[in-house]
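Subject: Structure handover

Hello,

Here is the structure we discussed, passed on to you together with some notes. Please look at it first; the findings come after it.

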Amino acid sequence: MDNIGLDELVYLYRLGDQEAFEILLTECTGVLMYNISKGNYDLGKYGLQVDDLKQIAILSFYKALHSYRDDVEANFKTFLSICVRRDMQAFLKKATGSKQRYVNDALSLNGYISNEDDATFEDFFVSNESNPEEILLELEAQKTLFESRKLSDLEKKIVLYRLTGYNNKEIAKILHISLKTVFNAVVRIKKKIAEV
């Protein structure tokens, strides 16, 4: 199979030839990697990694193998490059869209409260202490958070319910407000906490 072109390898792959697939993958890895490195993607800003783009490229490769037609003017590498670029653009558009913004902006409980402190949000909000003095000190610290963050009354109620284990749907029902109102308040709370 040394002198066979990519178009013929695609045909052989469709007939079930596994060796043709392995040769295609080896020959086209450069095209896949080029398209990944070519884009100026600010992945960290959206919580993405290069491995996410590699997965999209591999999926595009499989789709291109099954949808390539040799009766058109473009060769397989050109067709593959177009497929990879389009799939990456669609993925990035979806990953950075407004529906994903809340997931991307979410704070981890393992995140540090400030750059100078080793305390995490989990340390601050989750208490395993049974000592009343420690509980009181923790409540004082949470009160300070409420005051320093300028949380609204609704946001304070939502934080307290979340800390006691209620989910957004339950909080909406208890407070007689819509689920979307609770969700939006949680997003505002996270932003205020992140401003430390």
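Just after α1, G16 has a positive phi, at about 105°. Please keep in mind that this is a predicted model.

Helix α1 itself covers residues 6-14, and its buried residues are L6, L9, V10 and Y13. Viewed down the axis of α1, these buried residues fall within an arc of 105°, so they line one face of the helix. What do the buried residues of α1 pack against? Their partners are α2 (18-38), α3 (50-67) and α4 (76-95).

**α1 against α2**

The axes of α1 and α2 come within 8 Å of each other and cross at roughly 140°. The crossing in which α1 passes α2 is left-handed.

On the α1 side, the contact is made by L6, L9, V10, L12 and Y13. On the α2 side, A20, F21, I23, L24, E27 and C28 take part. Sorted by class, the contact of α1 with α2 has 10 nonpolar residues, no polar ones and one charged residue. The charged class takes in Asp, Glu, Lys and Arg, and E27 of α2 is among the residues making the contact.

**Two single residues**

L25 sits in helix α2. Is L25 buried or partly exposed? Buried requires under 20% relative accessible area; L25 has 29% relative accessibility and therefore counts as partly exposed. Once its neighbours within four places in sequence are left aside, L25 is in contact with I58 and F61. The C-alpha atoms of L25 and F61 lie 8.3 Å apart in space, while the two residues are 36 residues apart in sequence.

S81 belongs to helix α4. With a relative accessible area of 11%, S81 is buried, because buried means under 20%. Which residues does S81 touch, not counting those up to four places away in sequence? They are V31 and N35.

**In brief**

For α1, the points to check in the viewer are the face lined by its buried residues, the left-handed crossing with α2 and the positive phi of G16.

Regards

Definitions and conventions:
Residues numbered from 1 in each chain as written. Predicted model: local features only at pLDDT ≥ 70, side-chain atom pairs only at ≥ 80, totals over all residues. Heavy atoms only, no water. Buried < 20%, exposed > 50% of the residue type's maximum accessible area, 1.4 Å probe, protein only. Helix = DSSP H or I, 4+ residues; strand = E, 2+ residues; numbered from the N terminus. Arc of directions from axis to C-beta. Contact = heavy atoms within 4.5 Å. Axes fitted to C-alpha atoms, helices over the stretch in contact; angles between N-to-C directions. Left-handed = near helix turned anticlockwise from the far one by under 90°.
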